[in-house]
Amino acid sequence: MRVRLDQPGKLLGPVIGTLDRLLRAGARVRRAIRGLALADRFAARGDNFTFDPDGVYTCGSIEVGHNVDLGYRPILMAARSRIRIGDNVMFGPEVTIRGGNHRIDQVGVPMIAVDKEAGDNTHDRGVTIGDDVWVGTRAVILHGVTIGRGAVIGAGAVVTRSVPAYAVAAGNPARVIRLRWPVETIRDHERQLYPAARRLTAAELAGLAELPVPEPRPTPVTKSLTTGLQAR
């Protein structure tokens, strides 16, 4: 006797629904317990810190500021260095940060067997992420990188070099595409968010002036005038 595909659903639907609810409830409890167990293992964490308990973390080497969301299932690993994340930072899903690297320069030794000498920081330089940064989905940030305040890292980017403040970087390897705003707008943004002692210095702002800025968007009035002229 053959059974049509719609029959199991009709016969087992209530049972499957109940099992699904039980499994989801169990998963929520497991995640809550794991989250509580992990939270105090981070080297430092600020208020309003959100992280996925199913992510991968070398907690003791990770410092996190206030109002930080590490997104869905990130991988943050730094066995011999530090990962430092500032305030007001958000990650997209599955971001990877590697605070170390492997040596590949030793002759006659398989790479998996190569060890590092004590105090050798050449291959484990850590990662620093400034305040107000957005890291896109599945971006990869490698050791030795500093992400400047206010920067945006595009989805899928592989960041091998430091990114200036308020820059938008994307690609593999990641490169700076442009600034988020012109320097004067950045200066105004800094005045509104930070006390004088924490704002970018005049020299730091001058260094940003060499980077491309976004094209100005036409105002609604400009669009209306253009449309009207084209209609004549």
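Trainee: At what relative accessibility does Glu94 count as partly exposed?
Mentor: Happy to start there, with a note that this is a predicted model: local features need pLDDT of at least 70 and side-chain atom pairs count only at pLDDT 80 or more, while totals for chains, interfaces and linings use all residues. Residues are numbered from 1 along each chain as its sequence is written, and side-chain values use heavy atoms, leaving out hydrogens and water. Buried means under 20% relative accessible area, exposed means over 50%, and partly exposed is in between (1.4 Å probe, protein chains only). Glu94 falls into that middle class because its relative accessibility is 28%.

Trainee: What is the phi of Glu94, and where is this residue found?
Mentor: Most residues other than glycine have a negative phi. Glu94 is not a glycine, yet its phi is positive, near 60°. As for its place, helices (H or I, at least four residues) and strands (E, at least two) are DSSP runs numbered from the N terminus. Glu94 sits in the loop between E7 and strand E8 (96–98).

Trainee: Which loop holds Asn88?
Mentor: Asn88 also has a positive phi, about 55°, without being a glycine. At 41% relative accessibility, Asn88 is partly exposed. Its loop runs between strand E6 (83–85) and strand E7 (89–91).

Trainee: What is omega for the peptide bond between Asn172 and Pro173?
Mentor: Look at the loop between strand E15 (167–170) and strand E16 (175–179), where Pro173 lies. Most peptide bonds are trans. The bond joining Asn172 and Pro173 is cis, with omega of about -5°.

Trainee: Which residues have the most contacts inside the largest nonpolar core?
Mentor: A nonpolar core is a set of buried Ala, Val, Leu, Ile, Met, Phe, Trp, Tyr and Cys residues joined through side-chain atoms within 4.5 Å. The largest one here has 44 residues. Elements giving it two or more residues include strand E3 (62–64), strand E9 (127–129), helix H2 (183–193) and helix H3 (202–208). The residues with the most contacts inside this core are Ile85, Phe91, Ile129 and Ile147.

Trainee: Which residues does Phe91 touch, not counting those up to four places away in sequence?
Mentor: Contact means heavy atoms within 4.5 Å. By that rule, Phe91 touches Asp69, Leu70, Gly71, Leu76, Ile85, Ile97, Ile129 and Val135.

Trainee: How many helices and strands does the chain have?
Mentor: The chain has 232 residues, of which 34% count as buried. Its secondary structure comes to 4 helices and 16 strands.
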